[in-house]
There are 2 protein chains.
Amino acid sequence: MQYDNSTTLDPRIVERLKRDAKGLVAAVIQQYDTHEVLMVGYMNDEALRRTLTTGRVTFWSRSRQEYWRKGDTSGHVQYVKSVSLDCDGDALLVEVDQVGAACHTGKRSCFLEGGPLPCVEGHRTAEQTNQSETGKADKEQEERA
Amino acid sequence: MQYDNSTTLDPRIVERLKRDAKGLVAAVIQQYDTHEVLMVGYMNDEALRRTLTTGRVTFWSRSRQEYWRKGDTSGHVQYVKSVSLDCDGDALLVEVDQVGAACHTGKRSCFLEGGPLPCVEGHRTAEQTNQSETGKADKEQEERA
């Protein structure tokens, strides 16, 4: 499917987005080669359009109520490698090449800055360990968030 | 730091959370060994408490307005390996061992189901290519979302 790079977001993408009350979808930013999750930001239609068409990640800042092109003040640019929409259109996975630190604190990832919470680890049963990971449509329809 | 497993979320975590208007934070679910991003869900304080203390991921379903323990109807359980909070307390990174498909459609990841959007790829400059990736506190404070 061919999309164009017009000044408005492609209508075929517009109709797939399921925005929150503020017109935003969550965008998970992942380093494309190491697969490290760097941060979570938010995009409206125009931020997504800019992200898809310019090679640089643009967010909508919920606190400042303005567009925010990552790296403009810090030099810590996020170069876009791929953008995927999830099954129900309310989340984006943006694979990037992150120059320097993703976190405003100087840490590579915002999750390294916040750090781990103490938790109880879970483990597969023996039956689950032997189970194939190849997915097939199943009874989880009712689990959809 | 020691946390307990009481029936309410530890106050030291409660005070770090920055919830949206509906009392939720975004939770990015990542397979702990392959680092694949599987899905994004939402948690309120109690869903996070259950996730931290039971070894299984629990979400708050925004559409059904109820707790949703992943895998209860499908068998596609998410076993918790680690949970990290981000720098400003409004996003969680949950590393899991995902049994079977994370997506209700049967795909391993919700982003595989939605699929990639056409985009322009960005590339580092020669100077950025040679730049060290070790982060340090910088001028990005004003970029904070």
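Q: What makes about 7100 Å² the area buried between chain B and chain A?
A: Buried area is the accessible area (1.4 Å probe) that two parts lose on being put together, summed over both. For chain B and chain A that comes to about 7100 Å², with 55% from carbon and sulfur atoms. This is a predicted model, where local features need pLDDT of at least 70 and side-chain atom pairs count only at pLDDT 80 or more, while totals for chains, interfaces and linings use all residues. Residues are numbered from 1 along each chain as its sequence is written, and side-chain values use heavy atoms, leaving out hydrogens and water.

Q: How many residues does each chain put into the contact?
A: Chain B gives 85 and chain A gives 85, where contact means heavy atoms within 4.5 Å.

Q: Why is the meeting of B:R124 and A:D97 called a salt bridge?
A: The rule wants a side-chain nitrogen of Lys or Arg within 4 Å of a carboxyl oxygen of Asp or Glu. Here the N to O distance is 2.6 Å, so the pair qualifies. The count between the two chains is six salt bridges.

Q: Which element gives the largest share of chain B's side?
A: That's β5(B), with seven residues; strands are DSSP runs of E, at least two residues long.

Q: How do you know that β7 of chain A pairs with β5(B)?
A: Pairing takes at least two DSSP bridges between the strands. Two bridges join these antiparallel strands, so they pair. Within this pairing, A:P116 stands opposite B:S84.

How values were computed: Chains lettered and ligands numbered in written order. Helix = DSSP H or I, 4+ residues; strand = E, 2+ residues; numbered from the N terminus.
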